[in-house]
Amino acid sequence: MGFRWDLVFSSLPTLLQGAKLTVQLTSIAVFFGIILGTIAGMIRLSKGPLRLAAASYIDIIRGTPLLVQTFLIFYGLPSLISRPIPAYTAAVLALSINSGAYVGEIVRAGIQSIDKGQWEAAASLGLSGSQTMGLIILPQAFRRILPPLGNEFIALLKDSSLVSVIALEELVRKGQIIIGRTFRPFEVWLAVAVIYFVMTFAVSRLVNLAEKRVAVR
Amino acid sequence: MFAVKKLSVLLLTVLFVLGAGFSALGQGVLKVATEAGFMPFEYVDAESGELMGFDMDLIRAIGEVLGLEVQIDNISWDGLIPALLNGNYDCLIAGITITPERQGAVDFSEPYFESVLTVVANTGTEISGLEGLAGKTAAVQINTTGDFTASDLADAGELKGVARFDTVADAMQAVLIGVADIVLIDLPVAEAYLAANPQAPLEHAGPVADNEFYGIAVNKNNKALLEQINAALAELKASGTYDQIFQKWFGAN
């Protein structure tokens, strides 16, 4: 009963299939998360009536576990709209909505970190509020937002394993299935861990690269 | 000086707490793991919070025969065999079907229950056993015989797909919310679920595989315990205690 390297290698094709779904789900959720988060973050800083809605969205999503949100969407929502929600859709919804809340806070903090003088200078040059936001503030904020945004995506990539509970066969679920047939948890979980690490390491390198590109020279 | 004293007290407390974890593996105790989502074999009683069911009564009776105090932990189905293999438990009783694959990893006691897989589907279904499954999606509890059978059927093109959930309740819910068409599950569990959830528009529609047998799983390096459990099972059958437990949970037949 030594360590079975053969099992690590023989489970790789199945695990990589799961990793593909993990990357797919995370990418889609990141895409919608950025859109949702940018909107929520900016609305939260605005003075409009939607401000409270954006703040509630961020507070409620950050204040409840992603696992519970996934269950609520998958098992709860169908009875509200009286039609089934496929597991894939439910997972994309849960991950996107969850990510959007965290991105919202990142965007808000990024915008607030830009010196007030920038607003005043833009106003004295005759720029409107939305021009200032789009041309002056957001480009500068983006530079500061990038590192925490990278963090959030690495976290999301790992957290996406939670959607295995609604029968989506991403990386963790594939690992469980192999263990259920081989009874060798150590080898399989080790392979799963290595694949996750390769993926998150690639994301963090990409974010570093992007940071360098937008850095002030 | 005072800080050092405080620190040593803290360290001793930590050691004591850690030690308590190990001492539970002592003599005179049978450490059992189950997954209590498998009514009527093992479930958590809603009122008392106690582990109840046919398996629970049986293993407690076995403990009594052997003169061992039975301690049962309710853990995840997926973790049962790994937790037995790494020595956290002495045996598993969780409606585990004896399969050649599992026998490669653990030893099983003599069979203590004969079961069969059935199909659960929405009421009024045209499915009967293996008939009419083409194009359907099956919900199953991951790594159960229901999962293995459904996976084989899907590989053979007789099922559209398999959705694997952590618990029986989740798999049943998947049919109720319309993301799956059927559940492949052990007949007694299907009957208990339907009896406990009379409002659920589900019915069971015939057996789908050969009969299967449940066994108590024991680590392969613990032949002594395996023999003890088999001897206790034989004694319970001879004394009529097994029949009493059976009747309590399944009635006359």
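**Exercise 1.** State the mean pLDDT of chain A and locate its lowest and highest confidence.

*Solution.* The mean pLDDT (the predictor's confidence in each residue, from 0 to 100) of chain A is 95, and 100% of its residues reach 70 or more. Among helices (DSSP runs of H or I, at least four residues, numbered from the N terminus, as are strands, runs of E of at least two), α1 (residues 5–10) of chain A has the lowest confidence, with a mean of 93, and α5 (residues 87–112) of chain A the highest, at 97. This is a predicted model, in which local features need pLDDT of at least 70 and side-chain atom pairs count only at pLDDT 80 or more, while totals for chains, interfaces and linings use all residues. Residues are numbered from 1 along each chain as its sequence is written, and chains are lettered from A and ligands numbered from 1 in the order in which they are written.

**Exercise 2.** Describe the domains of chain B and the distance between their centres.

*Solution.* First, an automatic or database assignment sets the bounds: domain 1 covers 24–114 + 213–250 and domain 2 covers 117–210 of chain B. Next, their centres, taken over C-alpha atoms, are 26 Å apart.

**Exercise 3.** Give the strand order of the five-stranded open sheet in chain B and identify its edges.

*Solution.* The order is β11-β10-β12-β9-β13 (chain B), with mixed pairing; strands pair if DSSP finds at least two bridges between them. The edge strands, each pairing on one side only, are β11 (161–165) and β13 (202–207) of chain B. Within chain B, β9 (residues 117–122) and β12 (residues 182–186) run antiparallel, joined by five bridges. B:V119 lies opposite B:L184 in β12(B).
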